[in-house]
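Open the model in your viewer and keep the selection panel at hand. The stops below go from whole chains to single residues.

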Amino acid sequence: MPYFLTPEVIIAQILNGLTIGGIYALIALGYTLVYGVLFMINFAHGEIYMFGSFGGFAVLTYFVNTGFAKSHPALSILGAFLAAMVVSSLLGALLERIAYRPLRYAPRLAPLISAIGASIFLQNVMMLIIEARMQVYPDVIPENFLEYGWFSISYFQIFIILGSIFLMVALYLFIRRTKTGKAMRAVAEDKEAAFLVGIDVNGIIMITFIIGSALAAAAGVMVGMYYTQINHMMGFIPGIKAFTAAVLGGIGNVPGAMLGGFFLGLTEALGVLFMPAEYKDVIAFSLLVLVLIFRPKGILGEVVSERA
Amino acid sequence: MQQIRSIWRVIPPKVFLGVGLLFLLALPPMVGNYWAQVLGDIGIYVMLGIGLNVVVGFAGLLDLGYVAFYAIGAYGYALVASPQFGIHIPFWFMLPGCVALAALGGTLLGIPVLRMRGDYLAIVTLGFGEIIRILLNNLDPITNGPRGLLRIDAPTIGDFAINSPFRWYYMILAGIFLSAFIADRLNNSRIGRAWIAMREDQDAAAVMGINILKYKLLAFTIGASFAGIGGAIFAARQGSIFPENFSLMVSINVLCLIIIGGMGSIPGVILGAVVLIGFPELLREVQQYRMLVFGGLLVVMMIFRPTGLIPSARRKLELET
């Protein structure tokens, strides 16, 4: 169907794409970090993101009910992010310890199936907690727009785009500039050699899970505030899409995951202009298949899918 | 005790098979219509399990989009045997057609994903399953979208229509025996040994002269054909099908039952289907905990008993020696 292509629509879609792209990128980083150190896809990553979103939801709702959110909106948002990150980090660490570590030297299929099991398990835990009902995120950021001629952007979008970029830069600096970051790179390069030079490999793997989970939690709170409705299945589709983003950028490659996230977000947002919205999810999956066939190394290239 | 055990051993396995078969044949009149229906549901899952077992258990390729082939089989039959287009091709003519369609789907999915291993394969097949479901939901002029296809013809043999739970039970039982027989023969053939070699070490298998691409494609195609039969039977049995019948949950259920039963083992698949599909039916009040338990079981099984409840003989040998 021909769409009404005006500059307003295109600019609005680009901004939507950047917003959702920032969220994909944050989740994709978790996949890429874990893949970098363990060469496995953390199938339950989408559920970690979902739990983070609910952690933030619980705290934010509490602040709104007690009136704290009215007097200190910035503090309560910060509190929600922190709570979400703590919940997700604990869950990520637990997952690694219980479901993945015992299988680190098992045949390849075993950790993958264990991860799928963990993912189903966590979805159903949350389903029982919320009794399968949709939960509504409280409004804290006013729904205002900055307008400038054709250009209009909501406060939410500014907040998400800048917030996600801030977290990505922080992560990048952490990996490049700190001692722990250096150890993470060493473990990703060669676990045995890292162990020989005195790096606590298990500890570093744990830290990797924690960082990836915390980033996913931040994405979860942002999505909750942006779309306002969350449920126990919310991790499934974004999980696959973020994985696509990680593969697009070259899995195991940190800047690649960021790039892949924004690329996927923009492709989806602009693709919707040319085809019915129901096919939005098909775009991501098709992109994934195409990339894996023609450029399995991803845009920036790092680990080859053959190694998987 | 020792004596009893040795007596068991003297009885040839064919006797067990015969007794088991007689029991299965006599089962529906003993349990009644409702349970014959449930047994039919279990039976369809057994067929799907046997098919996916070829892909996951024999060839070691983790396919999370298996439901796509099931959907292709079901819609393949339903489109030409319902008032949707006013075409009514008899079931028995269309059954090979459904198998062919599903096999074609398997090959088409297989070609691009052949070069990938493990995790990538899992995600791409999962995506494929979702694409098929989205297409079924949105291609309204063909599939009638979420409203589904209704009044699908039941199969007939002469004037005898297969339309009651009892009759379906026997039909599905026949289907299971055929599938199990084929899968067993495949497993013990040159192809089966090639799959196992490939599963254990792809590079070593390639060095031994096994054409990896060919055997992977074969596993995908053959696995998909089983789902095609299952889908056609499902459509004809239900009489109406909807896109939500073919959600990711079906793939996950089938995967769970082969893993809990024992990867690569056909008796394991049957046990897995009975436990996973049958027990929740018995314990209606715990339905909502079903997937919770499945998920937890997958993790626990992988850590403590990766071979499943009834391990395949070959895997057991590998692990014990």
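This is a predicted model: local features need pLDDT of at least 70, side-chain atom pairs count only at pLDDT 80 or more; totals for chains, interfaces and linings use all residues.

Residues are numbered from 1 along each chain as its sequence is written, while chains are lettered from A and ligands numbered from 1 in the order in which they are written.

**Chain A**

Select chain A and colour by secondary structure: there are 12 helices and four strands. Helices (H or I, at least four residues) and strands (E, at least two) are DSSP runs, numbered from the N terminus. The radius of gyration of chain A is 19 Å, close to the 19 Å that the globule rule gives for 308 residues, so chain A is as compact as a globular protein of that length. That radius is taken over C-alpha atoms, and the globule rule is 2.2 Å times the number of residues to the power 0.38. Along the principal axes, the C-alpha atoms of chain A fill a box of roughly 60 × 50 × 40 Å.

Of the 308 residues of chain A, 50% count as buried. A residue is buried if 20 or more other C-beta atoms lie within 10 Å of its own, exposed if 12 or fewer, and partly exposed in between, with C-beta atoms placed from the backbone. Among contacts in chain A with a separation of 6 or more, 77% are between residues 24 or more positions apart. Two residues are in contact if their C-beta atoms, placed from the backbone, lie within 7 Å.

**Chain B**

Switch to chain B, which has 14 helices and four strands. A compact globule of 321 residues would have a radius of gyration near 20 Å, and the 20 Å of chain B agrees. Buried residues make up 48% of chain B. Of the contacts in chain B between residues at least 6 apart in sequence, 80% join residues at least 24 apart.

**Where the chains meet**

Show both chains: 34 residues from chain A and 32 residues from chain B take part in the contact. On the side of chain A that touches chain B, helix 5 (109-130), helix 10 (236-249) and helix 12 (280-294) of chain A each give two or more residues. By class, the side of chain A that touches chain B has 26 nonpolar, four polar and four charged residues. Ala, Val, Leu, Ile, Met, Phe, Trp, Tyr, Cys and Pro count as nonpolar, Asp, Glu, Lys and Arg as charged, and the others, Gly among them, as polar.

**A helix pair in chain B**

Select residues 13-58 and 248-261 of chain B: helix 2 and helix 11 of chain B pack at an angle of about 75°, with their axes 9 Å apart. That makes helix 2 of chain B roughly perpendicular to helix 11 of chain B, a term for angles of 65 to 115 degrees. Axes are lines fitted to C-alpha atoms, for helices over the stretch in contact, and angles run from 0 to 180 degrees between N-to-C directions. The residues of this contact divide into eight nonpolar, four polar and no charged. Among them are Leu48(B), Leu52(B) and Val56(B) in helix 2 of chain B, and Val254(B) and Ile258(B) in helix 11 of chain B.

**Helix 2 of chain A and Phe39(A)**

Go to Phe39(A), in the loop between helix 1 (7-38) and helix 2 (45-66) of chain A. Phe39(A) has a positive phi of about 55° although it is not a glycine. Phe39(A) counts as partly exposed, with 18 C-beta neighbours inside 10 Å.

Next, select helix 2 of chain A, where 16 of the 22 residues are buried, so this helix is largely enclosed by the rest of the structure. Gly67(A), with a positive phi near 85°, follows helix 2 of chain A.

- Thr228(A) sits in the loop between helix 9 (201-227) and strand 4 (229-230) of chain A, and its phi is positive, near 65°.
- Leu248(A) lies in helix 10 of chain A and is buried, with 29 other C-beta atoms within 10 Å. Its contacts, leaving aside neighbours within four places in sequence, include Phe263(A), Leu287(A) and Ile299(A).
- Gly192(B) lies in helix 8 (residues 190-200) of chain B and counts as buried, with 21 C-beta neighbours inside 10 Å.

How values were computed
Angles under 35 degrees count as roughly parallel, over 145 as roughly antiparallel, 65 to 115 as roughly perpendicular and the rest as oblique.
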